[in-house]
Amino acid sequence: MIEAVVLVVFPFCMVFAAASDLLSMTIANRISAILLAAFLLIAPWAGMGAAEIGWHLLAGASVLAVTFGLFALGGMGGGDAKLLSATALWMGFGMPLIAYLVTASFLGGILTLSILAYRRSALAVFTDRNIFLRNFSEGAKGVPYGIALGLAGLVVFPESPLMVWTVNRLIAG
């Protein structure tokens, strides 16, 4: 049962955050809250001790401190900061978190450059009323970075401690 929760909750939240940011330029607080609550409920069942859970909480808090600073300076949206922090909680300190941050940065760069090119193209004039493209065509709207954060989360999720635990449990039978 816990394995099913791990396999469903994190990927669903990543997809929902990406889709939400694409369509509305917002990432609901409930996505980060669900990730936090699910981690806190699942981690003990997955055999994580208090110290390990504490390190995961510290990873999330550290990322929140940095991203909140970026938010305060206008460099990132609040939903993006909270999603990054909640995802860091699932990754913990170590290579999965580094892989997530690097992957999110890389995908975010590609997304940003693609949106900037799209905004300068003639295509933007003709597609600005399309539900999927309307937020890309207006420069004042910024970049829906949640798309990159969600995709990066899905890419790195197989390396996360809870997913590794889940796979090992499923293999063991």
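Does L7 count as buried, partly exposed or exposed, and at what relative accessibility? In this predicted model, L7 has a place in helix α1 and, at 37% relative accessibility, counts as partly exposed. Together with V8, F12 and L170, L7 forms a nonpolar patch on the surface, whose residues have about 390 Å² of accessible area together. Helix α1 supplies the largest share of this patch, namely three residues.

**A link between α1 and α9**

The count of salt bridges comes to one. The side chains of E3 and R169 meet in this salt bridge, at 2.8 Å from N to O. Because E3 lies in helix α1 and R169 in helix α9, the pair ties together parts that are 166 residues apart in sequence.

**The largest nonpolar core**

In soluble globular proteins, nonpolar side chains tend to be buried together. Here the largest nonpolar core has 38 residues, and those with the most contacts inside it are L35, F39, L83, W90 and L162. Two or more residues are given to this core by each of α1 (2-24), α2, α3, α4, α5, α8 (146-156) and α9, and α4 gives the most, with eight residues. For F39, the contacts beyond its neighbours within four places in sequence are with P44, M48, I53, H56, L89, W90 and L162. Apart from this core lies another, of eight residues, among them I115, Y118, A124 and F136.

Why can α4 be described as largely enclosed by the rest of the structure? Twelve of its 14 residues are buried, and so the helix is largely enclosed. The buried residues of α4 are G79, D80, A81, L83, L84, S85, A86, T87, A88, L89, W90 and M91, and they pack against α1, α2, α3, α5, α8 and α9. The length of α4 agrees with expectation, because at 1.5 Å a residue its 14 residues should span 20 Å and its end C-alpha atoms are 20 Å apart. G92, which follows α4, has a positive phi near 70°.

Helix α3, residues 50-72, has 23 residues and reaches 32 Å from its first C-alpha to its last, close to the 33 Å expected at 1.5 Å a residue. Its buried residues are I53, H56, A59, G60, V63 and T67. An α-helix has 3.6 residues a turn, so residues three or four places apart point the same way. The buried residues of α3 pack against α2 (29-45), α4 (78-91), α5 (95-120) and α9 (161-172). Just after α3, G74 takes a positive phi of about 85°.

Leaving aside its neighbours within four places in sequence, S85 is in contact with G60, V63, L64 and T67. Of these, G60, V63 and T67 are also among the buried residues of α3.

**Two further buried positions**

Which residues does I31 contact, once its neighbours within four places in sequence are left aside? I31, found in helix α2, is in contact with C13, F16, A17 and L83. At 2% relative accessibility I31 counts as buried.

A124, in turn, has its place in helix α6, residues 123-127. At 7% relative accessibility A124 also counts as buried, and beyond its neighbours within four places it is in contact with Y118, R119 and S137. A124, Y118 and F136 are among the residues of the eight-residue core.

| Pair | Separation in sequence | C-alpha to C-alpha distance |
|---|---|---|
| I31 and K82 | 51 residues | 8.9 Å |
| A124 and F136 | twelve residues | 8.0 Å |

Technical notes:
Residues are numbered from 1 along each chain as its sequence is written. This is a predicted model: local features need pLDDT of at least 70, side-chain atom pairs count only at pLDDT 80 or more; totals for chains, interfaces and linings use all residues. Side-chain values use heavy atoms; hydrogens and water are left out. Helices (H or I, at least four residues) and strands (E, at least two) are DSSP runs, numbered from the N terminus. The expected span of a helix is 1.5 Å times one less than its number of residues. Buried means under 20% relative accessible area, exposed over 50%, partly exposed in between (1.4 Å probe, protein chains only). Contact means heavy atoms within 4.5 Å. A nonpolar core is a set of buried Ala, Val, Leu, Ile, Met, Phe, Trp, Tyr and Cys residues joined through side-chain atoms within 4.5 Å. Patches are made of residues with over 30% relative accessible area and no salt bridge: like charges are joined within 9 Å, nonpolar side chains (Val, Leu, Ile, Met, Phe, Trp, Tyr) within 5 Å. Accessible areas come from the Shrake-Rupley method with a 1.4 Å probe; for residues, only the protein chains shown count as cover. A salt bridge is a side-chain nitrogen of Lys or Arg within 4 Å of a carboxyl oxygen of Asp or Glu.
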